[in-house]
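Subject: Handing over a structure, with notes on what was found

Dear colleague,

Please look through the sequence and the model first and then read on.

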Amino acid sequence: MSVEVDEALRSDVRLLGGLLGRVLVEAGGDGLLEDVERLRALVIHAYERDSDASIEDAEALVESFSPERAEQIARAFTCYFHLSNLAEEHHRVRVLRARAAAGPDAERPDSLPAALERLVSEVGQEETAARLKSLRFHPVLTAHPTEARRRAVASAIRRVSELLAERDQAVAGSISALESERRLLEEIDVLWRTSPLRTTRPTPLDEVRTAMSIFDQTLFQTVPRVYRLLDDWLLAQDAGRAPVEAPAFLRLGSWIGADRDGNPFVTAEVTRAAAGIASQHVLLGLEHVAERIGRTLTLDGTDTPADEALTALAARQEELAPHVTSQIGTRAPNEPHRRVLLVIAARIAATRAAESGESSPLAYARPAELLDDLRIVQASLRAGGAARSAHGELQSLIWQVETFGFHLAELEVRQHSKVHRQALEEIRAGGELGEMTEEVLEVYRTIKHLQERFGLAAARRYIVSFTQSSADLQTVYALAEAALGSAEAAPVLDAVPLFETFDDLQAAPRILSEMIELPEVRARLAETGRRLEVMLGYSDSSKDVGPVSATLALYEAQSRISRWAEENDIELTLFHGRGGALGRGGGPANEAVLAQPPGSVEGRFKLTEQGEVIFAQYGDKTIAARHIEQMAAATLLASSPSNEEANLRASDDFAGVAATMDVASRARFFELVKADGFAPWFAQVTPMEEVGLLALGSRPARRGLSVESLEDLRAIPWVFAWTQARINLTGWFGLGSALAAVGDQEVLRDAYSRWPLFQAMIDNVEMSLAKTDPRIAERYLALGDRADLTTLVQEEMELTREWVQRTSGHAEILDGRPVLQRAVRLRSPYVDALSLLQLRALRAVRASASTDPNDAPHRLLLLAVNGVAAGLQNTG
């Protein structure tokens with residue numbers, strides 16, 4: 001089966017590549033395709049033969065192109081990557097469907113049924129049921145700008161993907177197959193002719209609408225499907241007939257339109273608008289589902305009579321809106337369940353209209369009111385003998401309301417602690433308030449408005465970036481009181497400390513002990529059953545002490561915070577600020593969950609999902625369902641006795657290894673980043689400054705006007721720039737020195753086999769190293785004037801490669817993951833071509849000193865940036 005699937009993938013890539021070739025000939029003549037093929041042949045030869053001569057020939061060819069031709073070549077390779085990416089995604093869907101058809105879900109170790117079976121064997125049926133009931137997976141969408149594609153490009157890619165899926169259903173040689181090829185050519189031609197560069201930066205509300213496309217296309221339908229698959233397994237023959245056992249375990253959060261840390265374009269007005277847009281989307285979805293189900297509930301009242309509760313609900317509906325119930329009653333005179341549900345659909349429509357300012361007594365005030373009505377319908381159907389109608393599509397609608405409410409995703413406000421301090425100082429000083437302080441106060445009024453309209457679930461978390469003391473959390477409540485006039489009028493808030501730097505992670509338990517003594521926090525703990533959330537920043541800690549020490553520090557911080565929570569009777573949720581790239585906590589998220597310290601998960605896992613990761617994980621329904629299932633299964637298994645015992649034993653057994661690695665890796669990292677002039681050198685050897693010209697997202701790339709130190713630079717461009725230079729330094733630098741300091745290969749291999757955290761680190765670095773290219777990296781490093789720093793980077797890269805292979809026992813990087821290894825090897829030469837084009841552009845930009853983003857060198861540079869991002873995929 002796998003051979004057939006692999007051949008299907010190769011066939012798709014050949015098909016799409018061939019069609020792109022035809023489009024290139026039609027657009028630019030034979031010469032364009034010939035130039036593309038010449039460059040492709042040279043970079044493939046250079047990569048496969050490790051030939052310096054071939055890479056120099058490729059570089060010379062790139063230099064010979066006219067500016068127009070160079071742009072066309074960059075766009076051609078970028079289009080190829082977009083098509084290859086969608087073919088691989090299509091292949092992944094094909095594999096998942098084939099696996100689903102091959103056998104029971106419980107046979108897959110990372111499935112929910114397998115997780116539940118394992119839990120039952122370890123803790124028993126009753127405890128497993130209790131853990132399932134309290135399960136919570138909480139992804140939070142963020143607008144971090146690592147999705148380099150324009151929405152227009154993404155839409156064109158999606159249309160090609162849909163046509164590819166249709167083609168699978170067509171009979172070879174039939175009219176439909178021929179039509180499919182013609183339509184594919186049409187859409188690939190559109191993709192080719194669509195400018196990959198944004199002319200203006202997206203606004204925060206543009207980013208909100210982009211996220212809404214994911215909700216509309218996949219999440220709204222996929223989430224109840226995951227619940228249903230779980231429930232079918234739990235109930236077996238009784239599935240669809242008995243009351244459901246699968247809980248609505250997913251909650252969606254969003255920073256998009258709410259995260260104002262360093263983004264002056266996110267205002268209180270934007271946050272309110274973002275909530276309105278999200279509400280419209282979810283209410284429209286709920287309305288359509290309720291209407292559809294209502295039309296199908298044509299159950300005759302004689303055979304399926306209404307119970308007393310449904311009869312009472314129908315009477316209340318008639319009193320509330322007699323004209324609506326009369327009209328619906330005419331269409332369904334003896335179909336009481338249909339009539340009531342169609343009125344419910346009309347009430348949802350009125351609720352949506354109310355969000356646009358059209359007041360109506362029909363509108364629901366809260367999602368709880370809608371859920372009450374739906375459960376009355378469900379109970380009446382069950383009492384009337386129509387159990388399958390009660391627990392079928394109607395249950396899916398109930399799950400959707402439980403998961404998304406009327407707000408879709410909780411908007412989580414985030415602001416820097418420094419901004420809060422400045423605002424409070426200004427308020428206490430008296431006098432006229434400045435624009436920044438007024439805006440800070442307006443945010444609290446907006447939160448209050450959202451809570452009044454949608455309930456607490458819509459907006460109550462307030463994340464404090466760079467929390468360094470409990471005073472930073474006290475300030476959140478003081479500002480809320482100032483904004484609304486009194487503590488009683490203030491919105492309900494859960495201040496969430498975000499610990500980002502190494503020092504802050506170390507101080508976390510002390511700060512938390514002080515935090516829970518604050519009167520406002522004590523009151524919230526009493527109201528919530530002593531629930532508390534703490535956020536951990538992966539990006540800044542890695543930039544602060546390097547990826548190895550940051551990984552170890554985060555693990556230790558989680559252990560200490562978890563012990564603190566247990567000692568203080570706190571139900572803790574750790575919120576992981578992971579990005580897409582390894583320097584920002586990237587890598588397989590479900591594996592990361594299983595590597596967490598004992599006591600740190602307890603059936604609850606929350607993380608940020610951002611940039612290209614959102615589209616990779618949630619852009620397709622089948623892939624989204626698989627990702628959600630994997631994450632839920634890992635969240636359950638993380639707290640299983642066997643997993644916690646394995647993590648605890650390994651962390652104890654290898655504590656000395658961890659200490660040695662921490663000291664050695666940090667010293668090596670500091671040797672680089674604390675060297676005099678490092679920050680300007682970094683800007684020289686990567687396209688960091690130029691990436692800032694790319695209209696990726698609404699948020700500025702840095703905090704100040706220039707980059708004189710790492711503190712001035714945000715973590716995203718720090719990672720993105722190193723990735724573009726094919727060095728990927730943020731994912732591996734310091735690991736080679738750390739492993740060499742341990743020095744004992746057998747000890748390291750033992751750690752690799754028994755220590756999940758260490759194994760994940762090594763596996764992730766293997767992927768990072770596989771995407772580096774020493775010869776391309778050498779050309780970027782040559783742009784600087786620091787031979788000492790260049791040598792340091794090159795030596796550490798080679799040392800890391802050597803010791804990672806010695807530790808893993810792999811003869812070649814990624815030998816343990818042959819599918820990924822093959823994919824990286826097939827892609828790397830094509831990425832090399834784009835890197836050479838980017839280097840040409842970068843040299844020209846530096847030589848001209850022009851800052852015009854529309855001149856030829858800048859256009860080529862930004863086109864190549866797009867292409868490299870598409871080729872490497874996990875870029876930020």
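Before anything else, one term is needed for the sheet: two strands are said to pair if DSSP finds at least two bridges between them. Please also bear in mind that this is a predicted model.

The sheet

The sheet is open and has nine strands, which follow the order S3-S2-S1-S9-S8-S7-S6-S5-S4 with parallel pairing. Strand S3 (410-411) and strand S4 (413-416) each have a single partner strand and stand at the edges, so one side of each is left without a neighbour in the sheet.

On the S4 side of this order, S4 and S5 pair in the parallel sense over four bridges, with Tyr462 in S5 as the bridge partner of Val413. S5 is also joined to strand S6 (residues 494-499), again in the parallel sense and over four bridges, and here Tyr462 stands opposite Ala495 in S6. In a regular strand the side chains alternate between the two faces of the sheet.

Strand S1 (residues 136-142) has six of its seven residues buried, so it is largely enclosed by the rest of the structure. Seven bridges join S1 to strand S9 (residues 604-610), the two running parallel, and Phe137 stands opposite Phe605 in S9. S1 also pairs in the parallel sense with strand S2 (residues 253-254), over two bridges; in S2, Gly253 is the bridge partner of Val140, while Ser254 stands opposite Leu141.

Helices and cores

Helix H17 (residues 435-454) lies across S3, S4 and strand S5 (461-465), and it runs at about 155 degrees to S5. Helix H22 (residues 547-567) also packs on the sheet, where it touches strand S7 (531-537) and strand S8 (571-577), its direction making about 160 degrees with that of S8. Helix H28 (residues 678-685) has six of its eight residues buried, so it is largely enclosed by the rest of the structure; the buried ones are Phe678, Ala679, Trp681, Phe682, Ala683 and Val685.

The largest nonpolar core has 132 residues, and those that touch the most other members are Phe249, Leu286, Ile344, Leu370, Leu374, Tyr444 and Ile628. Leaving aside residues up to four places away in sequence, Leu374 touches Leu341, Ile344, Leu394, Leu397, Ile398 and Val401. Apart from this core lies another, of 111 residues, which includes Phe654, Val673, Ile762 and Leu792.

Charged residues

Arg94 is buried, with a relative accessible area of 17%, whereas Asp168 counts as partly exposed at 38%.The side chains of Arg649 and Glu645 meet in a salt bridge of 2.6 Å, N to O, and both residues lie in helix H26 (residues 641-653), four residues apart, about one turn of the helix. Salt bridges that share partners also join Glu410, Glu412, Arg461, Glu533 and Lys606 into one network.

Arg840 is found in helix H37 (residues 818-848), and it touches Val62, Glu63, Phe65, Ser66, Pro67, Ala70 and Leu860, not counting residues up to four places away in sequence.

Thr194 lies in the loop between helix H7 (175-193) and helix H8 (204-235), and at 15% relative accessibility it counts as buried. Thr194 touches Arg75, Arg150, Ala152 and Val153, residues up to four places away in sequence again not being counted.

With best wishes

Key:
Residues numbered from 1 in each chain as written. Predicted model: local features only at pLDDT ≥ 70, side-chain atom pairs only at ≥ 80, totals over all residues. Heavy atoms only, no water. Contact = heavy atoms within 4.5 Å. Axes fitted to C-alpha atoms, helices over the stretch in contact; angles between N-to-C directions. Core = buried A, V, L, I, M, F, W, Y, C linked by side-chain atoms within 4.5 Å. Buried < 20%, exposed > 50% of the residue type's maximum accessible area, 1.4 Å probe, protein only. Salt bridge = Lys/Arg side-chain N within 4 Å of Asp/Glu carboxyl O.
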